[in-house]
Amino acid sequence: MSEEPLLRRIAEKVLGSDYAKLIWRRIEIVGDIAIIRKPFNLSEDIFKVIGEELLKSLSYVKSVWLAITPVYGIERTRSYVHLAGEKRSETVYKEHGCIFKLDVTKVYISPVLGYDHMRIAKQIRKSEKILNMFSGFGPYSIIASKYGKPSYVLSIDINEHAVKYARENAELNKVAFLNEIIHGDALLIVPSLQRKFDRILMPFPDLFEKAIEAAMMIVKEESIVHPHLFIEARNKREALIKSAETVKKFIEKYGASAEIIGGHVIRGVAPHKYHTTVDVVIKKIGK
Ligand SMILES: C[S@@+](CC[C@H](N)C(=O)[O-])C[C@H]1O[C@@H](n2cnc3c(N)ncnc32)[C@H](O)[C@@H]1O
């Protein structure tokens, strides 16, 4: 959820319009925590007063944090400083009727993925066996378990905090009985799995090629895979077309063939660069 104009209005009130123009417009709300992103050219100090004012304006916000870096590293977390309210970074976040406990400073969280979490859940056929290679605190796996009626969901993440929360969240949403959650490197674990999966989620564009390579070991004919990737394009429509072509060609390198049945633009990440995902049916597997 985001509150676009509010942050600018507050910044104008407490700092004046020259400063306010330099501040990102977007506030991210995760549960009862508000997150402001710090532009690289402004000092942390000026945000304390904005944090206090934000707390007064949004009664449901109990704690305000300043993200002082973009997401970085393999765990895709950011560095934060506390601005106002309770000094607490753990919260309960709600999405599509599910509840997720998480610490915003320890796991990757982006409400922008919310649409895709449900988009995937709606595609799941009864009794499917699903693998989620980069599960984070569990939203794809848990929303799929709740709405898609799979028979088994295996989730993997390299971040121990994400795995701890995913396990707790599976319990909180009463789907622990069909979820197995493993801490480790999916690129090493996946090729050694002894079973084939009906559906494989790869929600991490940075590892697009390596994730497909690993997943090709455990697909069968008619398995559906959902790779995420970054793609350069002039607009969203072109981004989807180019993503489909890229993924199809990449899968064919492994002697397999694929049919693209859908896709979604998750977000624009830079001018003419998009984070996308495509839905792919494996038609023939390589030997
Ligand atoms: C973009 S986040 C996943 C988002 C999550 N699926 C969601 O919907 O919120 C990418 C995740 O991949 C994990 N990760 C990165 N490299 C990994 C690897 N080699 N094996 C398993 N998990 C990995 C990170 O710890 C992070 O939680």
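Q: Which residues does glutamate 53 touch, not counting residues up to four places away in sequence?
A: Before we start, keep in mind that this is a predicted model. Glutamate 53 touches Ile10, Lys13 and Val14.

Q: Where is glutamate 53 found? And is it buried or exposed?
A: Glutamate 53 is part of helix α3, which covers residues 46–57. It counts as buried, because its relative accessibility is 12% and the cut-off for buried is under 20%.

Q: OK, new topic: the ligand. How many residues surround it, and which are the closest?
A: There are 20 residues around the ligand, and the closest are His117, Phe134, Asp157, Asp185 and Ala186.

Q: What does aspartate 157 do with its side chain there?
A: An N or O atom in the side chain of aspartate 157 sits 2.7 Å from an oxygen atom of the ligand. Backbone atoms come in too: a backbone N or O atom of isoleucine 158 is 3.1 Å from a ligand nitrogen, and a polar backbone atom of alanine 186 is 2.8 Å from a nitrogen atom of the ligand.

Q: How much of the ligand does the protein bury?
A: The protein buries 97% of the 600 Å² that the ligand exposes when taken alone.

Q: How many salt bridges does a search of the whole structure find?
A: The search finds 16. One of them pairs arginine 119 with aspartate 279, with the closest N and O atoms 2.8 Å apart. That pair links distant parts of the chain: arginine 119 is in helix α4 and aspartate 279 is in strand β13, 160 residues apart.

Q: Are those two buried or exposed?
A: Arginine 119 is buried, because its relative accessible area is 13%. Aspartate 279 counts as buried as well, at 2% relative accessibility.

Q: What about lysine 283? Which residue does it form a salt bridge with?
A: Lysine 283 forms one with glutamate 222, where the closest N and O atoms are 3.0 Å apart. Lysine 283 is in strand β13 and glutamate 222 is in the loop between α8 and β11, so the pair ties together parts 61 residues apart in sequence. Lysine 283 also meets glutamate 259 in a salt bridge, at 3.7 Å from N to O. Glutamate 259 lies in strand β12, so that pair ties together parts 24 residues apart in sequence.

Q: Last one: where does threonine 105 lie, and what does its side chain join up with?
A: Threonine 105 is in the loop between β6 and α4. Its side chain makes a polar contact of 2.7 Å with the side chain of aspartate 103. Threonine 105 counts as partly exposed, because its relative accessibility is 24%. Serine 79 is 26 residues from threonine 105 in sequence, and the two are 6.9 Å apart in space, C-alpha to C-alpha.

How values were computed: Residues are numbered from 1 along each chain as its sequence is written. This is a predicted model: local features need pLDDT of at least 70, side-chain atom pairs count only at pLDDT 80 or more; totals for chains, interfaces and linings use all residues. Side-chain values use heavy atoms; hydrogens and water are left out. A residue is near a molecule or strand if one of its heavy atoms lies within 4 Å of it. A polar contact is a pair of N or O atoms within 3.5 Å; within protein, one must be able to donate a hydrogen and the other to accept it, and residues adjacent in sequence count only if both atoms are side-chain atoms. Accessible areas come from the Shrake-Rupley method with a 1.4 Å probe; for residues, only the protein chains shown count as cover. Helices (H or I, at least four residues) and strands (E, at least two) are DSSP runs, numbered from the N terminus. Buried means under 20% relative accessible area, exposed over 50%, partly exposed in between (1.4 Å probe, protein chains only). Contact means heavy atoms within 4.5 Å. A salt bridge is a side-chain nitrogen of Lys or Arg within 4 Å of a carboxyl oxygen of Asp or Glu.
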